[in-house]
Amino acid sequence: MQLVPVPSVQVLPGRRWLLPSAVVAELDPDAERARRSGRPRRTVRDWVVDFGCFLLAVICGLAAANTLTHDPNTPHGLAVVDQWLGALACAAVWLRRRWLLGLAIAMIPVGLVSNTAGGAGLVVLFTLAVHRPFKYVGWLGGVQLALFPVFFWLRPDPDLPYVAAVAVTALLTSAVVGWGMFVRSKRQLMLSLRDRARRAETEAALRAEQAQRLAREAIAREMHDVLAHRLTLLSVHAGALEFRPDAPREEVARAAGVIRESAHEALQDLREIIGVLRAGDSDDAGRPQPTLGALDALVAESRSAGMKVVLDNRVTDPAAVPASVGRTAYRIAQEGLTNARKHAPGAEVTVTLRGAPGDGLTVSVRNPAPPGAVPLVPGSGQGLIGLTERATLAGGRLEHGGEEGGGFLVRAWLPWAG
């Protein structure tokens, strides 16, 4: 049986441009394969965000450059180097998606020398908090916080006192890191909900597959129990007509009648089972299922087929046997007679029933060794496996095996509540 296909959770085609490329790569299988093969393509939102980050870094850099012209503590040469490094840092903002960790590490010494690169450094630090685990942003952010007192000691701010400048810069850096971690947590929450939805769909598909498999196994057991008995009767009487073409006319007519009646019953049972497959009805739909009361008719049918059957029914109150228990007992006796007809033709079969409310119902089918050689029958043992499972599902147990002298015994105990 094939597994029921699970629909994948994909991004809406008209909304892809609203999401980051990293999220699209996780939600869309095609984009995820492209991400594994190389760098994912930027969405419209990525270009807008990148341009906004570049513009923010440039604005911060221009503001810092303006303060350098009025700072008497900064030499002209250092101011020129500061501005060139700030310009390069602003340009490097466009490369942060490709070399994020390396760029974040390089911004630490650059930020220690260049005041105009502060805006670009905050953008890179924010991107690192969004796209990398906390251990990376924790280490790099901690190093920057530790270097802020050194930076403002070497290059004091012309407008703010030393303590205020360090506190404001540290607070701004912490806010940027916290914001980036918040964005990352939202993305992880969305991806975790996606994974939970996929797991739920997969589990639902597996449950549906298991229900289908159990239903088909139940129908297969029913087909085997019903049709094997009928077809065995057909085989026995057809074989008798084949090997005894000179039999009396009455015997030939009786065998032909049994063959016709068995074929009609098998066809009727097959129609009912096919009806269950088409309509999805329960096992109790259609013609009433056989119970313990139909066991006499089963024995009579087997005797008419030429079998020697002895029925020993010692059940105290057959009418009080529950329908499910009686049906299971009937199927066990039916399968036992079918096996005896196939593997021990000509031997006398004894069917014994004992039980009372509260003690349970015991069904046994025993046959001695066959009087002659018996050809190997293909598929032997499949019916007994099905009977064992049927008895277990009914809350009982089933035992089977050979006896001394070549005989065979099938015995089952089924619960019968008082």
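Biologist: Why is C60 called partly exposed?

Modeller: C60 has a relative accessible area of 33%, and since buried means under 20%, exposed over 50% and partly exposed in between (1.4 Å probe, protein chains only), C60 counts as partly exposed. This is a predicted model, in which local features need pLDDT of at least 70 and side-chain atom pairs count only at pLDDT 80 or more, while totals for chains, interfaces and linings use all residues. Residues are numbered from 1 along each chain as its sequence is written, and side-chain values use heavy atoms, with hydrogens and water left out.

Biologist: What makes C53 buried?

Modeller: The relative accessibility of C53 is 13%, which is under the limit for the buried class, so C53 counts as buried.

Biologist: What makes R97 and D50 a salt bridge?

Modeller: Their side chains meet at 3.0 Å, N to O, and a salt bridge is a side-chain nitrogen of Lys or Arg within 4 Å of a carboxyl oxygen of Asp or Glu, so the pair qualifies. R97 lies in the loop between α4 and α5 and D50 in helix α3 (residues 44-69), so the pair ties together parts that are 47 residues apart in sequence. Helices (H or I, at least four residues) and strands (E, at least two) are DSSP runs, numbered from the N terminus.

Biologist: Which of the two classes, buried or partly exposed, holds for D50, and which for R97?

Modeller: D50, at 1% relative accessibility, counts as buried, whereas R97, at 25%, counts as partly exposed.

Biologist: Why is the pair of R366 and E403 called a salt bridge?

Modeller: The closest N and O atoms of R366 and E403 are 3.2 Å apart, which is within the salt-bridge limit, so this pair also qualifies. R366 lies in strand β3 (residues 360-367) and E403 in the loop between β4 (397-402) and β5 (408-414), so the pair ties together parts that are 37 residues apart in sequence.

Biologist: Why is T352 called buried?

Modeller: T352, which is found in strand β2 (residues 348-356), has a relative accessible area of 8%, so it falls in the buried class. Leaving aside neighbours within four places in sequence, T352 is in contact (heavy atoms within 4.5 Å) with D312, T362, V363 and S364.

Biologist: What makes V163 exposed?

Modeller: V163, found in helix α8, has 61% relative accessibility, which is over the limit for the exposed class, so V163 counts as exposed.
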